[in-house]
Amino acid sequence: MKTQSQSKDKHINFLKKLRESATIRIALILLVLCVFLAIAEGKAFLTNENLLSVFRQFSFIGIMAIGECLVIITGGIDLSVGSIFAFSGVIGSLAMTSWGLGFILGLIVGLVAGAGFGLINGLLITKLKLPPFIATLGTMSIARGLSYAVTKGYPVSDMPDAFKFIGQGHILGIPAPIILLIIVTIIIGIFLHLTITGRRIFAIGGNEEASRVSGISVKKEKILVYTLCGLLAGLAGLATAARLNVAQSTAGAGSEMDAIAAVIIGGASLSGGVGNVAGPILGAAIMGVLRNGLVLMSVSAYWQQTVIGIVIIVAVTIDKMRYEKL
Amino acid sequence: MKKLVSIVLCLILLVGIVVSCSKKEEKAEETEKAKETEKAEETEKAKETEKAEETEKAKETEKAEEATEDKSGDEEIVIAVVPKALDNAVFLDTKQAAEEKAAELGFSLIWTASQKSDAAEQVNVIEGLIEKKVDGMLISCNDADALKDVIDRAVDAGIVVATFDSDSPESKRNFYIGTNNYTLGEVSAQKMMEYLPDGGKIAILTGVPGMPNLETRIEGFTDTAAGSNLEILPVQAGDCDTQKSVDVITQFTLANPDLAGWWLVGVWPTLADPEAIPELANFSDKGGVTVSVDAVWPQLAYVERGIIDVLVGQDFSAMGSQGVDALYKLIKNEEVDLGGDEKYIDTGYILVDENNIEEIKAVTPEW
């Protein structure tokens, strides 16, 4: 009898946890969206090609959003990811084509450029105590400007085949960018949820002062987080350049907003301390599926932006209402 | 420590200002350099050394410029070309052609614009050029009405102003040089009907919905196709972004297996490698017809591979070279044909298909 009620309690607890988990609720919204599209546009939506195309489409934003999520969990914000995305793409591509450094070195140059900008963001925010919004607004402009300066506005093309594989290749029939997103998710997931540093990142976002008093090196952790965010934005930029076989100084313009939106739709809070690695992917997926749905349903481009905005607000409001009983 | 930081910051600011000011003076020298060597040189440098070297170089150039200017006798003539934005790749051919013309005629050329397409920022750029007292300006207007006042002010200040690519017809500008956007749409529709005599469903990919020149092209297309057997589907947009445009083409093509034709209102998706859009190649293999506006270097590969059937190109090189040429002559009070009472120099359009691809390739500036 006792064991029965215990297991019942456990059962209820589990259900309660499930209901309160933001991630599950966001996943449900995504599921509803997919079911709706499957009914409305079943033939076109459920084809292998279409689903893989949608997944690949949001995998680039997904990678960038995971980095943004780390920053937002610490209570910060990074506006420079879209520009770092472009800068890493063009620098890495130039290294491979014009400088003749080859695939591996070129990739490293691109990633170091991204991480370098992230490091600068971290130093500006912790050492010079600039507000993250202003510091990253500045580096956003610098990274974009440098991208124009090094390319003089010309697109960089003709990448090595090994590099193109990152964006265009398939592994067991799955496009490589999707595999890349899965690898990044696993690594950052372990880092964020299973390591002490990960727990410290949540602690800093929850209460920075308390974290400092309890002996956490807030500056060190923040620098690490911004550097990782820059690195992931750079990786996304390189993968996009590989996907299109062209790196452009204009790439990723405005995508910082997509990344931030993906993180927030995914259940993180702009005031910090809340979030998980699955959130930004689900957020990016919702936006990706939504855009795909509008294309499949042949909705006119003049209306698409409006519809996307309305659906996002409605979805997140329903989610909040259920949770907070507004 | 704090003092040190503030001194370092001040120094950075100072160097930044010096570098950015002297960079503008560098333009004349840049025209003489080949594009490739310029790129290679620049990219080899590290960021810091680049800054330092550039300041030095700029100083040297200034000296060199002073020397050459004395000889040429054209030292007063400075013509500024202001495209819609620095981030718009279609203007690269205009830049190259204008720079070649400047080297040929021996005037100094300033190529400047805001980074993003924005009418208010463009007004600021032009105000700066009025202050600088340039002799002539060639402007691609982000907005016909928003630019009118500042163009009038420039003309009142004695500057010879012309517009290219995108006009401000109500202003006091001396002339407009460019392609008629309505004609681009009209010709695209005619080509589509020619390639698809039995008609069918047509998809349209535009850039940012609402951009005046793109809307005029779409109007030309739909007006011409009205009443024909072409069924035009709702317009899709890629926000002038290569990746978004590629994704929209991929997904829309997959979703509409009975699609007969794609009309691309601009260059955006075709800046990517043809291999990056296998769906478009498949579409073309199955007999689908693709017509695209613009005819710049990366697009030619699509025609060569038979993915795009015909390009309806604007002549951006002609806008650059004929535009600054006419301005130069106006400034020197020489005789020049400004396209009659309309003051509209039509650079026409070029058609590129499998028949003339080799010829076009030989004369198109390589990126």
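## Strands β3 and β4 of chain B

In this predicted model, Ile139(B) has Thr163(B) of β4(B) as its bridge partner. The two strands involved, β3 (residues 136-139) and β4 (residues 160-164) of chain B, run parallel and are joined by four bridges.

Two helices pack on the sheet here. Helix α6 (residues 119-131) of chain B touches β1 (78-82) and β3 of chain B, and its direction makes about 165 degrees with that of β3(B). Helix α7 (residues 144-156) of chain B touches β3 and β4 of chain B, with a direction at about 145 degrees to that of β4(B).

## The whole sheet

Stepping back, β3(B) and β4(B) belong to an open sheet of six strands in chain B, ordered β2-β1-β3-β4-β5-β12, with parallel pairing. At its edges are β2 (108-111) and β12 (344-346) of chain B, each of which pairs on one side only. From one strand to the next, the twist averages 20 degrees.

Strand β1(B) deserves a look of its own. Because five of its five residues are buried, β1(B) is largely enclosed by the rest of the structure.

## Chain A in outline

Chain A has 14 helices and four strands. Of its 326 residues, 52% count as buried. Its accessible surface is about 14,300 Å², and carbon and sulfur atoms contribute 70% of that. If you care about contact order, note that among contacts in chain A with a separation of 6 or more, 77% link residues 24 or more positions apart.

## Two helix pairs in chain A

A pair of packed helices is described by the angle between the axes and the distance between them. For helix α3 (residues 48-73) and helix α11 (residues 218-244) of chain A, the axes come within 7 Å and cross at roughly 170 degrees. That angle makes α3(A) roughly antiparallel to α11(A). Among the residues making the contact are Phe60(A), Ile63(A) and Met64(A) of α3(A) and Leu228(A), Leu232(A) and Leu235(A) of α11(A). By type, the residues of this contact divide into 15 nonpolar, two polar and three charged.

Helix α7 (residues 161-168) and helix α8 (residues 176-194) of chain A pack at about 75 degrees, with axes 5 Å apart. Their angle makes α7(A) roughly perpendicular to α8(A). Here Phe165(A), Ile166(A) and Gly167(A) of α7(A) meet Ala176(A), Pro177(A) and Leu180(A) of α8(A). Five of these contact residues are nonpolar, one is polar and none is charged.

## Two backbone positions to check

Most residues other than glycine have a negative phi. Asn245(A) is not a glycine, yet its phi is positive, near 55 degrees. Asn245(A) is found in the loop between α11 and β4 (246-247) of chain A. Is Asn245(A) buried or exposed? Its relative accessibility is 2%, so Asn245(A) counts as buried.

Asp239(B) also has a positive phi, of about 55 degrees, although Asp239(B) is not a glycine. The loop that holds Asp239(B) runs between β8 (236-237) and α10 (242-255) of chain B. With a relative accessible area of 25%, Asp239(B) is partly exposed.

Methods
Residues numbered from 1 in each chain as written. Chains lettered and ligands numbered in written order. Predicted model: local features only at pLDDT ≥ 70, side-chain atom pairs only at ≥ 80, totals over all residues. Heavy atoms only, no water. Buried < 20%, exposed > 50% of the residue type's maximum accessible area, 1.4 Å probe, protein only. Contact = heavy atoms within 4.5 Å. Areas by Shrake-Rupley, 256 points an atom, 1.4 Å probe, with all protein chains shown as cover. Axes fitted to C-alpha atoms, helices over the stretch in contact; angles between N-to-C directions. Parallel < 35°, antiparallel > 145°, perpendicular 65-115°, else oblique. Nonpolar A, V, L, I, M, F, W, Y, C, P; charged D, E, K, R; others polar. Pairing = 2+ DSSP bridges.
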